[in-house]
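Below is a walk through one predicted model.

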Amino acid sequence: MDNEKMLELLNRKIQREKAARKAAEALLEKKSHELYIAKQLVEETLLIVKEQAEKDVELLQFKGYLDAILLDYNQAFLQDEPSSILLQRLLDDLASIDSIASLCLTVAPELNVHGHIQSVLVAGDYVESEDQIHSNSEFNWSRNGAHIIVYLHHEDERCGSLQFTFNQAPNKTWHQTIEKQCRLFSEMLSAAFVRQHLLEKTIKEKQRAENSEQSTRDFVAMINHELRTPLNGLLGSAELMEDSDITSYQQTLLTTIHQSGEMLRVIINDLLDFSKMNAGMLQLTSIQFEPAILIQTIKHIFAHQIEEKRLSFVIEIENTLPAELWGDVDRIQQILVNLIGNAIKFTREGEVIFSISWHENALRFIVSDSGCGIPLEKQATLFDPFTQVDNSSQRQFEGTGLGLSICKSLVDKMEGELTLKSELGKGAVFTATIPLIVASKKKLESKECADCTHSIDGLSVLAVEDIKMNQVILNMMLTKVNIQPDFANDGQEALVFLELKDVDIILMDCRMPIMDGFETTRRLREQGYNKPIIALTAGTTSTEVDSCVNAGMDDILHKPYKAKDLEKMLMKWSCSSFSGNDKV
């Protein structure tokens, strides 16, 4: 019994072991199958990763090529303007990339202003795509994904396009990179065209400004001549009439003519100086001068006006004032004449005080008056051109409103300062400070040629002048000093005359028909003519003065001139001619 149970137990154990072994074999088979599947998945995944890595490397390589080309042409477009040659080279370089089959660049007229660039440029095997291209805000991709168009812009408007055609449609994962690179090329080309457009615009504006500046210079020179020439006849005639026997009534009329002419001279000078300042034609001429002589000149200029208005004119000179200074004395005198003239004009009674001193290496003068004064609200704009305290039609004081503006400009040009203090009804105080250089104490050369003992009586003079009125004035002025001049109506006549007769001095008008004074003087100097040639010119611009010097003229007598100015000039160059001095 016991054996049977034992056998039964062994059989059951064997059965259990067989079942366990079968289960283990089944599990092993299952696991083997799962391992096989897993191995296949790993191999497939590795293949996908490898393929993706290859695509990523290709994308990176593609982007690298584009970046290199972009960098090169960014530099090229900064150095050179867009041209068909440069743009075609860019397209050819892009088409050399394996992934790109062809390119097409279109340039709208807005970017191609002069039409120097082909409106359509292509590279590679370009064939216009018949595939419908769908639109979005920035890029156009074709339906098959093998074409992309990016647009050029100017002032927020589409003004051209750049189309890339690929050998095969790029993977969707490439699109973002391609669009970014296309945007960079679009921006580079748009910027290059915009820079060229701005450059051309700037060049045109510069040329327009230069033409305008030259026109202004020509106008100033022309109007300078046209205004001063008749003024020369007017003032010259008035001056000559003063020496003739006339009645008291005629003397009154003559005085009125003379005063009106002088007033007209001041107005013309102000207008021309203002024009010259705006045209950049005003230049300073520094010479050695004596302040004492300047003060005496100022006193003489205003003596008649002070006496006529019965004012007190006080001149205060501090002992600090140097005996000699270096600067543009004519422009300093012009400033003083304007300031003191205004003080006298706006003062009905009382006094005008002119103080002059040397302060901190600068000439300082103060002009104060007991006149009507200037309202505070008008003082800020008083130095502006064409500005007056009272601009109404019922104003009491006439004037152009340029005097103070010119004074301020001149003081500024001399690196000085001009200030104003005034109260309505309590007069005005103008203070000017102009930095100057103290000159050496050597004796100044006299402009009057005081040491010259040679007489100009009987001097032979050729006056080259085309205007009959000026010829008459010149003849009468020279006759007063016992000179009988010869006349030529233009430069050509002068050359013919000088071939037959020699003269001591030539008075040469600058602007004449047939042959002007500049050309005539150049020809004479080229022929070896070495006698003094004095320019008679209504031009006062630096351009006119330079033209006289460059032509070979020795000195300049500006119109309108007076008889004494003409006599001094002849005396000066008569002395130089006989002493052998160099020309000034």
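Begin with Q196, a residue of helix α3, which covers residues 175–241. Its relative accessible area is 13%, and because the limit for a buried residue is under 20%, Q196 counts as buried. Leaving aside residues up to four places away in sequence, Q196 touches E81 and P82.

I149 belongs to strand β5, residues 147–154. With a relative accessibility of 12%, I149 is classed as buried. I149 and S161 are separated by 12 residues in sequence, and their C-alpha atoms lie 6.6 Å apart in space.

Next comes the sheet. Three strands form an open sheet in the order β7-β9-β14, and the pairing is antiparallel. In general, the strands of a sheet pair through backbone hydrogen bonds, in either a parallel or an antiparallel way. Here β7 (287–289) and β14 (437–438) are the edge strands; each has a single partner strand, so one side of each has no neighbour in the sheet. Strand β9, residues 325–327, pairs with β14 in the antiparallel sense over 2 bridges. Within this part of the sheet, W326 stands opposite I437 of β14.

Helix α5 (residues 291–309) and helix α6 (residues 329–345) have axes that come within 11 Å and cross at roughly 20°. Angles under 35 degrees count as roughly parallel, and α5 and α6 are therefore roughly parallel to each other. The crossing of α5 past α6 is right-handed. On the α5 side, the contact is made by L294, T297, I298, I301, F302, Q305, I306 and K309. On the α6 side, the residues are V329, I332, Q333, L336, V337, I340, G341, I344 and K345. Sorted by class, this contact of α5 with α6 has 11 nonpolar, 4 polar and 2 charged residues.

Helix α6 also packs against helix α4, residues 248–278, at an angle of about 125°, with the axes 13 Å apart. That angle makes α4 oblique to α6. The crossing of α4 past α6 is left-handed. The residues in contact are D270, D273 and K276 from α4, together with R331, Q334 and N338 from α6. What is the make-up by class of the contact of α4 with α6? The contact has no nonpolar residues, 2 polar residues and 4 charged residues.

Helix α4 has a further contact, with helix α8, residues 403–413. The axes of α4 and α8 come within 10 Å and cross at roughly 45°, which makes α4 oblique to α8. Here α4 passes α8 in a left-handed crossing. From α4, the contact draws on D270, D273, F274 and M277. From α8, the contact draws on G403, S405, I406, S409 and L410. By class, the contact of α4 with α8 has 4 nonpolar, 3 polar and 2 charged residues.

Two residues of α4 link these last two contacts. D270 and D273 take part in the contact with α6, and D270 and D273 also take part in the contact with α8.

Notes: Residues numbered from 1 in each chain as written. Predicted model: local features only at pLDDT ≥ 70, side-chain atom pairs only at ≥ 80, totals over all residues. Heavy atoms only, no water. Axes fitted to C-alpha atoms, helices over the stretch in contact; angles between N-to-C directions. Helix = DSSP H or I, 4+ residues; strand = E, 2+ residues; numbered from the N terminus. Parallel < 35°, antiparallel > 145°, perpendicular 65-115°, else oblique. Left-handed = near helix turned anticlockwise from the far one by under 90°. Contact = heavy atoms within 4.5 Å. Nonpolar A, V, L, I, M, F, W, Y, C, P; charged D, E, K, R; others polar. Pairing = 2+ DSSP bridges. Buried < 20%, exposed > 50% of the residue type's maximum accessible area, 1.4 Å probe, protein only.
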